[in-house]
Amino acid sequence: MKTRLIGEMGGYLLYSDHLEEIKTTKNTSNTSQEGFGRPVGSLIFQYGPATGGLIESVGMNIETFGEYIRTISVEPYKMRRISISRSIEDLLLGVERVNGNFAASHVTAFLTALENAYGVTPPRDVILGRVAQIELERIRNHLLVTQRLTEHAGFSVPSAHLLYLVEEVNRVIGRAFGHRYFYGVNTLRGFRMDWQLDLPMLKNIVDEFQEVYRGILDNRVFIDRLQGNGLVSIDDSIGPAARAAGLMYDARLDGDLAEVYGEIGFNISRADSSDAFGRLLVRGQEVSESLRLIGKLNIRAQEYEEGWLDAWEKDIKGFTGGGLGRVESPSGDLAYYVGIHKGTISKVLLLPPSKVNLRLFCSSMTGNVFTDLPFNWESFGIWMSEVGVEFV
Amino acid sequence: MIDQMVEALIQVLGTILVAPLYSGIAEKLKGVVSLRRAQSVLQPYYDLFKLLKKETVVPSSASELFVYGPYFTFGVYVLISFVIPVVYPRPVFLTPTVDFLGGALLFSLVSFVKVLSAMDSKSNYVALGVSRAASFGFLAEATLITVFFAVAISTGTNNPYVESAYASNPSHYLALDHLLATVSFFMLWLFETGKLPVESQGLSEMGMIDDSLTYEHSGKPLALLKWGGYIKAYLLGSVWLNVFLLPWGGQVGVLGAFFDIGLMFAKWMILIAIVLVAETSLAKLRLFKIQDHLAIAFVLSVFSLLFSVI
Amino acid sequence: MVALIVALLILGLSPVAALIDRRSGYIACSAGSAVFVYYGMANYSNELSLFYVAAGLVWLFSSVYSLYYDHHQWLGPLYSSSILGMAIALTTNNLLVFLAGYEIMTIPAYVAIGLYKKTGYSAFVFMGFGELSTILILAGFLYSYVVTGSLSFSPLTTITPFMIAAFGFMVKMGMLPFMVTEWLPIAHGNAPSNVSTILSASMTLVAVYGLTKMALLTPRPDFFGFILLGVGGFSVFFGAFYAYVSDHAKVLLGFSTVENNGAILTSIGVYLTAPTHTLASFALITTAVYVLAHSLAKTGLFLDTGMMENESLILPRIIKNRLSDVGCVLLASSMSGLLPTVGGVATWALLESLFMEAYTLHSALSIIPIVTGSIIAMGEGFATSTMLKFIIFAHIFNKRSSNEKTRPLILLLLGLLILAGGSATYIFYRPFLASNPALGLPFGLIASEFSSQPFGAISPLYVLILPSLIGALVLAVFGKPRIRRSEVWNSGAPMNEAYTSFAYSNNIRLMLGKLLLTHIGRDGVKVVDVFWSLTHTVAKLFVSFSRHFSRTYMNSRLSWYVIYMILALIVFTVVVVA
Amino acid sequence: MNWFLKGVRKGVRTEKTPSDVAPWSTELQFKGSKKESGVTSESLRCPTSAIGPGWIAERCVYCRRCYPHYQPTGNHRMGVVKRVEKRFHRSFYLYPIDVGTCGACNTELRLIASPQHDMTRFGIFFTNTPRHADALIVMGVMTEGMKEAFRRAYDAMPEPKLVIALGACAISGGIFQTEKIEADVVIPGCPPSPYTILDALIRAKGGRGW
């Protein structure tokens, strides 16, 4: 498997197999191609931070001379600070709330980093539990993204139906884990699961989704809104965006959980058009794939003995080191680096997928018209909450 | 004279008061088809009633035009409801004020004032929508005019009431020119009332065309704009029903006028059914495809003009 | 008749007065124009008299305006002598005198343009086409002399003289294919505002007058009219279309003049081709009403640009206040053919007459008026968007209030005139008045007729009164809103940059890219006017051709013009004496 | 056409009564024995000190450290309505503003539009401009960047208007321990479930709740 660049975290460049310090600092502003001066009659159209069209707060400065988008730059208005000076447990709560919709992915990446730092491996059931959570999250996220796309197209019936399914997924999660967003589910000692995962229900949901999904793919007008919209330069992309372009980029192949995924036989889903349509295709396939994986995991609700933690509880004081954890979140590679100094966490670096996707979004907007913006935006599955967060 | 006044009163009130209901019914059904219990059919009335009681926030640099423009446009809509056969099948009091073409010009007068009133807010979002509406205007206005003339030329008069009577004759009704005009006008109606596949009342600011005209308004002016919107949809829709699709069944006399309101309700259920199917099965067109939609409507209407003379 | 002599005398004196003192010149001009208007009203015989009224009003308003506008010492004499020329052309019945007047009207404009913009280019273009127009008209007149053997306007038995002259007048009106050289916009874009006004509003009016006068003398119906129909229709569309994508205030208005003249030409075409006399006379009245509408509205809007510090709509710096806002909105609404203004009545009448003709012909020929009508309908759509653009970006978006009163007041007056004028059109449509007491319209109906049977009807007066009345009623029922001021909502951020006029019309650049050869490059959107690219070379040739002349001309422009003018005057006097 | 038929075939999926609410988004109650009744935030390591005397809904982020002493009761009606606005009884337009969320509140809020919950049957709608809004729903911790936008949005709304604080972050700063936002209606939870939101909204406009 060849090495690929994933993105920048802290002062480092993260590659699929190593982390290296950035020698020359180049500006990585979320701006698309720099304009050659402002043409006559152009203006900077301010979209956001508070919009009705997008779920989260985000500001976009769109340079346009009417409808046609020349350049676009995105600024995250909500910048949240998470203190690392608190206990690991409290920090974990913070990590959960970096991005509620990817909470399981974040927590898993974070804990994996921590475990790598200490060189401990949790019981297999715990790992499987985390995988199950991530895949559930993936299903929900892809359903939500599809729903957003249909909503922007004024496609009322599928939009309503998909929203219905999203709610159903949330209920399945809520029943099994007690919380719809996996808050308070994962701990240093494993994860809490109050009830069996309702697989038949989940299967029905995914079947209904596939029905809707095939239906919307039949609609010429809807497809027309996605095709050719938001073409990305493929090399530096991640997640569904990369796979839409046919690349084998997936942390489930080269990330920390790759082993498990390998054992349960994970198949990568790819498409051959690097536009919003391709990204939708990939998501559509991944929903079924995720369901298949979850089915194979057969995780059970059970108590975990805490023995496996002794390793680090022994020399927790005075330990110094660091670890990296990377998983495939629904929108692409998600990585944490945790640095520990004398038993306390001294540094937390985060590479959220949305940061990379944001750059891709901006570069893919030039030449688009305003009405196509929401479609392109949603197709990346960007969450500003994880972009605008810093660990202090 | 008195009779005509009463009939006019029934027609105008029948328009102003009933118009919101049809939007309510359409929305309700649309909601039900999209898996929901959905809001009450009276929701438009509830909204208007609430807005009329709310405060009006005016952008700092806006003038009276912003505040009182909506009152004027509402007035024009009411005037139009005197003019065209939207309830009663015979001319009523003040009907001759303008003919069919005059009606079309009054509609563009409304949009002219509406745009100025909205732009007076100096909001970029309004400007965005207005610039779109303006760029499609040339086809929309043209189609409205030519479609009215399609019937005018086949009947030799520009009087909508005569045209309605004329079309009710099966041989005229089934004539190619009439059918083409019917289709063309329906396509235009979809555009004028912001229905799919042209526009949909969503939350995204980026897709706004008609919605942008009310984006900055609030309180009473907003209520009047919304209400005016319902009336516009009703006027154009009823013209389509009474002159093009179903030019039959209108009763005369004061009692007949009341009957006609019921008749219009029945006719509207048919229109709503058609729209419901369109609204629930179509997706929104890409912006620049909208001109194709309108171009088709325009060409159809021109063809119907040509067929009517040759 | 006395009034006419008085008017001509005063106007004749005004250039002299202007030479001595600018203000007195303009005052004389205003006085003369006022008398001229009176003359037009006093002996109102047929539609042609309406031209007098229209022209007189244009001169009156722009002259009064000039009192507060013009700061160039040399402009006054040129301006007033040009008006004198028009007055002569309008009132004479002699072909040569008409031509002389026509020249006296045109030449000073060359000078004005030449002096205003330091580039000779626009002056050349204007002059070139001006002279082309003159030559064609001269040819037409000569032919008419050959046919009738008289030097005065007299009934013709053949259409040919009209045909020849028509092209001459069409050049002046900037119709297709001559509009494509954009001479009218270029010329008008580069003249001082008050000159632009008389160029765009009343010089073209004189051309239309000549055309109409000739048309009245030629036998009808005649197929040649269909050509005018077509040309007019396309001019309406492309005029409005290019106006919509222009961001220079005066160029925009110049193109809008092309559009209006196109409409006027069309209605003359209808007059020539109308199968029934009723329709013909309806069309003729429509022509006159359209002229009135265009002259007044265009005057106002051009005078409005006189208050712009910078004539680009992208960053207009306009000195304005409530009065001019209201005035210009009214003027613009008339320009977009909205009831109840004069423009609205004119537009309505034009479309009615076109479709009435289609109905009465009821043959394959009907296709021509139908297609023309449909094209004009599209043009009207563009016209509305264009006028909205002008108003929005000259008056609504960029607010810079000032406490100047006089000039805004003039605009307001013009606006009210054009609003009330709509109801005044009853006077002109006298033969077509109708009523329907049973339905509450005991008077005030203008019924369009192609024969005995009415086609449609409108009543501008009612349209003027009713909406406001009902609006007031609505206000009474629902009451005034409780108002609180707050800054504009820009999705939570302050508004740094406002939407530009360029952006406003950019959708069309993108949508109709094929027609505009839109090219999006790093430095913005470029559009190529197809016609311009076709005839650009021609224009260039013309410039190089007149370069050698230009050298001498550049050095001492004035002298050359003065000589030219004196010559023309000599011709004129000779003719008058003879 | 086929989507119309599909929609008709699926039928109405709106539920008559609340059902199936996730336990850890509902009210918590002390379930321990007598001698444990002395437990405090400190003893239970509650990150937001939501255990004072009893359980403080406004602070709880449902980390479950107090389990099993405190256990969910399944009661989702936790919203606190300080001001009822009857004028919105049949027409209630919401303008959501996210001043610093993790995204969970945003999605839960959107889900009250889902066919199961269907806010529109109660006359509740979203709008995309504060000018049309009756209530401002504020979610998340008040971040520097959003302070200005929040002020503008509030100012842009016509009277009468409500401010609704949604989720622990907005109400009490949650785990971020930032300033709390003054509001007429308070909807606890991290995030509050659609039931909780819908119930509070209905009561805010003078209804009986859900």
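**Where two chains meet**

P59(B) stands opposite S486(C), a residue of strand β4(C). This is a predicted model, in which local features need pLDDT of at least 70 and side-chain atom pairs count only at pLDDT 80 or more, while totals for chains, interfaces and linings use all residues. Residues are numbered from 1 along each chain as its sequence is written, and chains are lettered from A and ligands numbered from 1 in the order in which they are written.

Strand β1 (residues 56-59) of chain B and strand β4 (residues 483-486) of chain C run parallel and share four bridges. Strands here are DSSP runs of E with at least two residues, helices are runs of H or I with at least four, and both are numbered from the N terminus. Two strands pair if DSSP finds at least two bridges between them.

Now look at the contact between these chains: chain C gives 73 residues and chain B gives 74. Two residues are in contact if their C-beta atoms, placed from the backbone, lie within 7 Å. On the chain C side, helix α15 (residues 367-396) supplies the largest share, 15 residues.

Chain C also holds an open, antiparallel sheet of three strands in the order β1-β2-β3. Strands β1 (433-436) and β3 (454-458) of chain C are at the edges with a single partner strand each, so one side of each has no neighbour in the sheet. Strand β2 (residues 441-449) of chain C is joined to β3(C) by four bridges in the antiparallel sense. Within β3(C), I458(C) is the bridge partner of I446(C).
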